[in-house]
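Subject: Structure handover

Hello,

Here is the structure you asked to look at. My notes on it follow below.

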Amino acid sequence: MQNRIIIYSNYLSDEEVLNWLSEYDLSIFPFQKFNESSSAEVWHCLASLRPILVTPLPVFDDVLDFVHYLQGITSCDIVVGIQSCYAKIEINSKNNQTNINSHKYYYKLRKIRFSKLSYRLSSIIRSFEVNSI
C-alpha cells in the first residue's frame with residue numbers, strides 16, 4: 001500500500017491542485033475528528049472526476065451522493081476501503097471502463113444549479129455589506 005500513497009503538504013494554487021488530483025486514482029479524507037463545519041475540500045476534489053473516499057463523519061453528509069464512505073475511522077477501516085476501491089478500479093480497467101463513478105459524478109454535478117447558488121451567495125454577501133455585519 002505504501003508505494004501507492006502520496007502525501008503532499010506544500011501550498012499549491014487551485015489549478016495545480018486540480019492538475020494533481022486529475023492524475024491520481026482517488027482522493028481520501030481519512031479524518032477521525034473534524035472540527036470544520038463543511039466539506040469544502042471534497043467539493044474541490046469533485047472537479048477532478050476521480051473517486052473520493054471519506055470517513056463516516058457528519059461533515060461529509062452534504063456530499064454523500066458524490067463520495068464513497070469508508071466502513072469506519074480506524075486505520076484498518078481505511079486500508080480495507082482503499083484496497084476495495086483499487087480492486088474496483090482494476091476490474092474496470094480490465095473491462096475498458098472509465099474510472100469508477102466518473103459518469104455518476106458528472107451527471108449529478110450537472111443537476112446542481114450553480115448559477116442560482118452563486119446568486120444566492122452574492123445576495124447574502126451584499127446583505128452583510130449593507131447591514132454592516
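In these notes, two residues are in contact when heavy atoms of theirs lie within 4.5 Å. Please keep in mind that this is a predicted model.

Overall layout

The chain has five helices and three strands, and along the sequence they follow the pattern α-β-α-β-β-α-α-α. Of the 133 residues in the chain, 29% are buried. The chain exposes about 9,600 Å², and carbon and sulfur atoms supply 54% of that area. Taking contacts between residues at least 6 apart in sequence, 55% join residues at least 24 apart.

The sheet

The three strands form an open sheet in the order β1-β2-β3, and the pairing is parallel. Its edge strands are β1 (27–29) and β3 (68–69), each of which pairs on one side only. Strands of a sheet pair through backbone hydrogen bonds, either parallel or antiparallel. Strand β2 (residues 52–54) is joined to β3 by two bridges, and these two strands run parallel. Val-54 has Tyr-69 of β3 as its bridge partner.

In soluble globular proteins, nonpolar side chains tend to be buried together. Here the largest nonpolar core has 15 residues, and those with the most contacts inside it are Phe-29, Val-42, Ile-52, Val-54, Phe-60, Val-63 and Val-67. Helix α2 gives the most, with three residues. A second, separate core has seven residues, including Leu-26, Leu-53, Leu-70 and Tyr-86.

Val-63 is a member of the largest core. Once its neighbours within four places in sequence are left aside, Val-63 is in contact with Ser-39, Val-42 and Trp-43.

Residues in loops

Thr-55 sits in the loop between β2 and β3. Is Thr-55 buried or exposed? Thr-55 counts as buried because its relative accessibility is 0%, and the cut-off for buried is under 20%. Not counting residues up to four places away in sequence, Thr-55 touches Phe-29, Pro-30, Phe-31, Phe-60, Tyr-69, Leu-70, Gly-72, Ile-73 and Ile-78. Among these, Phe-29 and Phe-60 are also listed for the largest core, while Leu-70 belongs to the second core.

Arg-50 lies in the loop between α2 and β2. With a relative accessible area of 23%, Arg-50 is partly exposed. The C-alpha atoms of Arg-50 and Glu-23 are 8.8 Å apart in space, although the two residues are 27 apart in sequence.

Asn-35 is placed in the loop between β1 and α2. Asn-35 counts as exposed because its relative accessibility is 79%, and the cut-off for exposed is over 50%. Asn-35 and Val-59 are 24 residues apart in sequence, with 8.8 Å between their C-alpha atoms.

The surface

Which residues make the nonpolar surface patch of about 320 Å²? The patch is made by Ile-6, Tyr-8 and Trp-20. Tyr-8 is found in the segment before α1 (14–23). At 41% relative accessibility, Tyr-8 counts as partly exposed.

Regards

How values were computed. Residues are numbered from 1 along each chain as its sequence is written. This is a predicted model: local features need pLDDT of at least 70, side-chain atom pairs count only at pLDDT 80 or more; totals for chains, interfaces and linings use all residues. Side-chain values use heavy atoms; hydrogens and water are left out. Patches are made of residues with over 30% relative accessible area and no salt bridge: like charges are joined within 9 Å, nonpolar side chains (Val, Leu, Ile, Met, Phe, Trp, Tyr) within 5 Å. Accessible areas come from the Shrake-Rupley method with a 1.4 Å probe; for residues, only the protein chains shown count as cover. A salt bridge is a side-chain nitrogen of Lys or Arg within 4 Å of a carboxyl oxygen of Asp or Glu. Helices (H or I, at least four residues) and strands (E, at least two) are DSSP runs, numbered from the N terminus. Buried means under 20% relative accessible area, exposed over 50%, partly exposed in between (1.4 Å probe, protein chains only). Two strands pair if DSSP finds at least two bridges between them. A nonpolar core is a set of buried Ala, Val, Leu, Ile, Met, Phe, Trp, Tyr and Cys residues joined through side-chain atoms within 4.5 Å.
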